[in-house]
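Subject: Structure handover

Hello,

Here is the structure we discussed. My notes on its side-chain contacts follow below.

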Amino acid sequence: MQSKETLQEFTILLVDDRPENLISLEELLIQPGRRFLKAQSGNEALRLVLKHENIGLIMLDVQMPDMDGFEVARILKSNAKTKDISIIFVTALSREEHFILKGFEEGAVDYLSKPLDINVVRAKVNVFEQLYFHQVELKSTLSELKRINKRLEQFVYIVSHDLKSPLSSMMLLMELIREDELVMANPELKENIDLLHGASGRLSNMIASLLEHSRTSLANHAIEEVNTSELVREVVALLFPPDQMTINIREPLPVINTHKIGLQQVFQNLLSNAIKYNDKEKGIIEIGASDKGHWVEFYVKDNGPGIADNDQERIFKLFETTAHHSSRDSSTGIGLNLLKVLVEEQGGKIWVDSVKDEGSTFYFEWEKNH
């Protein structure tokens with residue numbers, strides 16, 4: 001892993017066949033935090049690029065013997081390890097448009113003509129330095145995100161695997177109970193056992209899907225046609241809403257092509273929260289959707305306790321809970337953050353519109369066709 005000091009160092013490769021030009025450029029650009037490498041030919045420049053990692057910028061003279069700057073740039077851009085290095089051509093060639101266009105075609109990101117304007121050169125290099133550090137920070141963030149996602153996938157796999165065995169035993173036991181004479185003689189008891197058995201079967205299927213989900217990366221998950229109305233009804237049945245809870249599904253809900261498991265997890269979490277935290281004598285939940293062209297905007301609305309204005313952004317952050325939730329249960333504050341990750345992973349967004357003591361409506365966008 002690179003040290004913080006290394007990441008804060010900006011390395012500039014200066015390439016010119018005339019030593020006096022290299023000295024002048026270095027003196028022009030020198031400042032704390034910058035390191036300079038110098039090459040007097042195209043071949044030497046290529047050797048330095050391959051030898052030194054994290055070169056942030058190349059100031060490349062066009063007119064050089066043996067190999068000109070255009071050819072050097074062409075070689076660098078053809079190599080996967082060096083193709084993203086920023087190149088500024090420094091040249092005394094004609095300022096005519098075809099010379100400038102040739103430079104951009106070979107991979108330059110900027111073009112400076114001699115004699116150089118000191119202020120312009122310094123300003124442009126400062127911009128490329130800032131861009132370089134933004135790119136380093138972005139790469140570091142993406143790497144950390146991949147690491148976290150890998151850990152989450154491993155966690156899902158372990159939990160799902162550990163749940164599968166006891167659930168299978170429970171289903172086998174319920175099969176035996178269903179056939180018991182006392183149960184067969186009591187219609188109400190038999191109906192309740194049948195409901196438990198059906199819910200266990202759906203849960204078993206979900207665990208199997210989670211196991212499959214955790215074995216592959218998101219890019220390799222199967223895209224399938226999903227009837228979101230059927231999906232929502234399956235989730236509702238699995239959650240066993242209490243008798244005082246009314247759940248209305250505003251039809252029609254669309255049929256889309258997507259990763260089913262991710263969408264199922266979003267609905268299950270939102271509906272579970274809406275049921276769990278409802279504080280009204282008669283709870284009401286509504287599920288619906290609006291067509292937004294490339295997207296579907298789903299919503300889950302409830303008449304529960306609502307969320308205070310200052311909590312509405314915070315609840316989507318990892319390990320954050322509202323005062324209301326933390327006082328009623330041992331919620332870790334992971335659920336809504338994972339939903340945010342799931343929704344944003346496929347390009348959408350999730351948000352809430354809520355009035356304290358009146359209820360909340362959670363909205364999220366989901367792509368119609370992945």
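A salt bridge here is a side-chain nitrogen of Lys or Arg within 4 Å of a carboxyl oxygen of Asp or Glu. This is a predicted model, so local features need pLDDT of at least 70 and side-chain atom pairs count only at pLDDT 80 or more, while totals for chains, interfaces and linings use all residues. Residues are numbered from 1 along each chain as its sequence is written, and side-chain values use heavy atoms, with hydrogens and water left out.

Salt bridges

The whole structure holds 13 salt bridges. One of them joins arginine 178 to glutamate 175, at 3.7 Å from N to O. These two are three residues apart in helix H6, so about one helical turn separates them. (Helices are DSSP runs of H or I, at least four residues; strands are runs of E, at least two; both are numbered from the N terminus.) Arginine 178 is partly exposed at 25% relative accessible area. Buried means under 20%, exposed over 50%, and partly exposed in between, with a 1.4 Å probe and protein chains only. Glu175 and Arg178 also belong to a salt-bridge network with Lys190 and Asp194.

Lysine 340 and glutamate 344 form another salt bridge, at 2.9 Å from N to O. They sit four residues apart in helix H12 (residues 335-345), again about one helical turn. Lysine 340 is partly exposed at 28%. Glutamate 344 is partly exposed at 39%.

Aromatic pairs

There are ten aromatic pairs in the whole structure. Rings of Phe, Tyr and Trp (its six-membered ring) pair if their centres lie within 6.5 Å; planes under 30 degrees apart are stacked, over 60 edge-to-face, and the rest tilted. Phenylalanine 70 and phenylalanine 89 make an edge-to-face pair, with centres 5.2 Å apart and planes at 85 degrees. Phenylalanine 70 lies in helix H4 (residues 69-78) and phenylalanine 89 in strand E4 (residues 86-91), so the pair ties together parts 19 residues apart in sequence. Both phenylalanines are buried.

Tyrosine 299 and tyrosine 363 form a tilted pair, at 6.3 Å and 50 degrees. It links strand E10 (residues 295-302) with strand E12 (residues 359-367), the two tyrosines being 64 residues apart. Tyrosine 299 is buried at 16% relative accessibility. Tyrosine 363 is partly exposed at 21%. Ring pairs also join Phe267, Phe298, Phe364 and Trp366 into a cluster.

Best wishes
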